[in-house]
Amino acid sequence: MTAYIIRRLILAVVVLLITSVIVFLAMRLLPGDPILLKMTSSEMRGTSPEQIEFLRHQFGLDKPLFLQYFDWVGGAVRGDLGVSILYQDDVWNQVKQSLPPTAHIGGLAEFFGFIIGVPLGIVCAVRRGKWLDTIITVLANLGITVPVFWLGILLMYTFALELRWLPAFGYTSPVDDFWASTRQLIMPVFCLAVFPVAAVMRQTRSSMLEVMRQDYIRTAWSKGLRERMVVMKHALKNGLIPVLTFVGLGITNIIGGLVLIETVFNIPGTGRLMVFSILNQDYPITQGITLIIAIVVVVVNLIIDISYGWLDPRIRYN
Amino acid sequence: MAKEIVAGMDIPGVPPRVNELRRFVRVFTSRRVVLFGMVVIVLFLLTAAFAPWLAPYDPYEQHLDQSLDLPSRTHLLGTDTLGRDTLSRVIFGSRYSLMVGVIALGIAAAVGMVLGLVAGYFGGWAQAAIMRLMDSLMAFPMILLAMIVAGMLGPGLRNVMVALGIALVPGYARMMCGQALSVKENDYILAEHSIGASHIRIMLNHIFPNCLPPLIVMITMMMGTTMLAEAGLSFLGIGIEIPNAAWGGMIAEGYKYVIDAPVLSIAPGAALMLVVFSFNMVGDGLRDALDPRLRGTI
């Protein structure tokens with residue numbers, strides 16, 4: 001097991017390093033000069049070529065590319081992600097402010113994805129082919145199809161603008177006003193949770209069906225055990241292992257969805273900051289957020305891989 | 001390869017011979033929802049092909065005196081803020097979705113399959129280098145990767161297709177690599193090596209065709225995902241630019257007037273969802289029908 005964990009750790013570090021190179025190169029090989037962009041964004045028009053050279057030197061842009069990379073990664077390791085062109089502020093500062101709403105909404109969506117998706121999947125597998133299974137499966141197929149931002153607009157129109165049950169947009173910290181916060185969160189979290197619920201349900205259903213065909217389940221039945229015992233005690237343990245993969249898949253999907261949902265519901269989160277920075281070509285912020293997302297995804301996948309190896313010994317020796 | 005059922009072949013332990021094509025058709029058409037998906041896809045293709053003849057109006061023709069008209073007999077889905085006919089715009093929007101889906105997937109599948117094939121066939125360093133790169137790209141959510149590339153290249157139809165194409169490469173490479181790894185262990189590949197066949201020939205003539213079934217399923221499934229991603233990018237303003245009638249951009253446009261005319265957002269979104277759902281269902285059907293575990297069964 002130790003060897004397996006070490007192997008996975010090394011792999012994660014390699015992936016992160018390649019990721020950082022990709023992020024760095026993507027931003028550096030862009031058409032467009034960050035200094036000139038800075039010039040036009042701030043009120044420093046009419047700067048002389050010497051001053052531009054000086055700034056270039058100050059930002060280290062006259063160094064060879066690989067030295068620039070090491071500067072950037074070195075800074076990133078210490079939490080220094082550079083300075084935003086648009087806000088003239090530390091990138092990490094900007095990102096830090098945007099993280100709480102994003103983590104809050106995304107975390108809740110992931111949580112509900114599993115809390116609702118797994119039981120639905122089990123019910124469908126046990127009642128395979130019955131009307132309940134058919135209905136839930138059709139709904140799940142619709143759930144992985146619906147454009148999340150479109151669903152957001154529909155919900156907003158129905159529940160906020162027409163029925164006036166919920167606030168249309170915004171975000172309040174639950175620490176400040178828990179009730180207002182929850183009311184604002186219902187629609188965005190619902191939209192984001194639809195995909196994980198549907199995907200987890202489908203995966204649980206098919207892996208439970210797979211397990212229920214195994215010999216040891218037939219043995220359990222033939223011992224005369226009750227259905228609850230067979231399903232919950234014998235089948236579920238192995239049936240849930242493949243569902244673990246969906247923790248990682250869910251995270252990437254929710255992050256992708258957050259970008260859209262934060263735009264629809266006007267939530268001041270990381271996703272909207274990302275869209276804003278891309279639209280305004282604020283490369284340091286785009287770069288910083290991309291790196292943070294990659295780290296989150298890689299770390300989550302590392303944890304999943306390790307728990308996978310722990311739960312299913314066959315994986316370790318592969 | 002047509003196989004016929006021969007009388008007396010059902011010896012215990014020997015799988016009965018069946019016509020593979022006939023089995024494929026039977027399994028594929030056995031679920032009604034798959035057939036429904038097939039019908040929708042055919043209608044979608046026809047709509048995209050014959051949009052100028054099907055649309056009642058020019059999708060770009062403005063009538064400012066008919067701004068935000070409600071659905072009526074003359075405009076079945078109403079009009080947008082510039083008085084353009086929504087139904088006509090939805091009909092023309094199918095062309096963008098189809099074009100982005102086909103071209104972006106074409107780029108992704110071509111590049112991804114070649115990379116995956118090389119990685120899986122040669123193994124060792126080639127595999128390590130290619131697959132670690134792909135793993136790294138997969139650390140970004142697909143739409144984010146496309147956003148970054150599209151943001152770098154600037155909005156526009158061509159850039160969206162390139163961005164989505166790049167973002168989708170890792171999935172194909174990974175799938176192809178896994179397939180190639182298992183297919184190359186077969187004895188017929190060993191036989192090819194022993195008669196001195198070249199690597200290229202083995203890869204293209206023998207490994208590639210045997211890797212295809214799961215990739216066909218994946219391409220079908222990804223068609224919907226790609227269209228969704230394009231709509232998402234267009235919605236954020238990083239995709240196909242307005243005034244072009246693309247579904248994602250239309251949803252975003254309609255969002256601004258959602259109180260007065262919700263149909264502006266609802267109609268293109270419903271069309272998108274219907275098409276994506278159909279591609280997913282047909283993909284499901286293909287997966288069942290191409291399932292190798294079913295091979296040889298009646």
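**Exercise 1.** Compare the end-to-end distance of α9(B) with that of a straight helix, and locate the bend.

*Solution.* α9(B), residues 199-236, has 38 residues, and its end C-alpha atoms are only 45 Å apart. A straight helix at 1.5 Å a residue would reach 56 Å, the expected span being 1.5 Å times one less than the number of residues. Helices here are DSSP runs of H or I with at least four residues, numbered from the N terminus. After α9(B) comes G237(B), with a positive phi near 85 degrees.

The model is predicted: local features need pLDDT of at least 70, side-chain atom pairs count only at pLDDT 80 or more, and totals for chains, interfaces and linings use all residues. Residues are numbered from 1 along each chain as its sequence is written, while chains are lettered from A and ligands numbered from 1 in the order in which they are written.

**Exercise 2.** Which helix of chain B gives the most to the side that touches chain A?

*Solution.* The contact (C-beta atoms, placed from the backbone, within 7 Å) takes 36 residues from chain B and 35 from chain A. Helices of chain B that each supply at least two residues include α5, α6 and α10. α11(B) gives the most, with 9 residues.

**Exercise 3.** Describe how α6(B) passes α7(B).

*Solution.* Their axes come within 8 Å and cross at roughly 140 degrees. Axes are lines fitted to C-alpha atoms over the stretch in contact, with angles from 0 to 180 degrees between N-to-C directions.

Key
Two residues are in contact if their C-beta atoms, placed from the backbone, lie within 7 Å. The bend at a residue is the angle between axes fitted to the seven residues ending there and the seven starting there. A crossing is left-handed if the near helix is turned anticlockwise from the far one by less than a right angle, and right-handed if clockwise.
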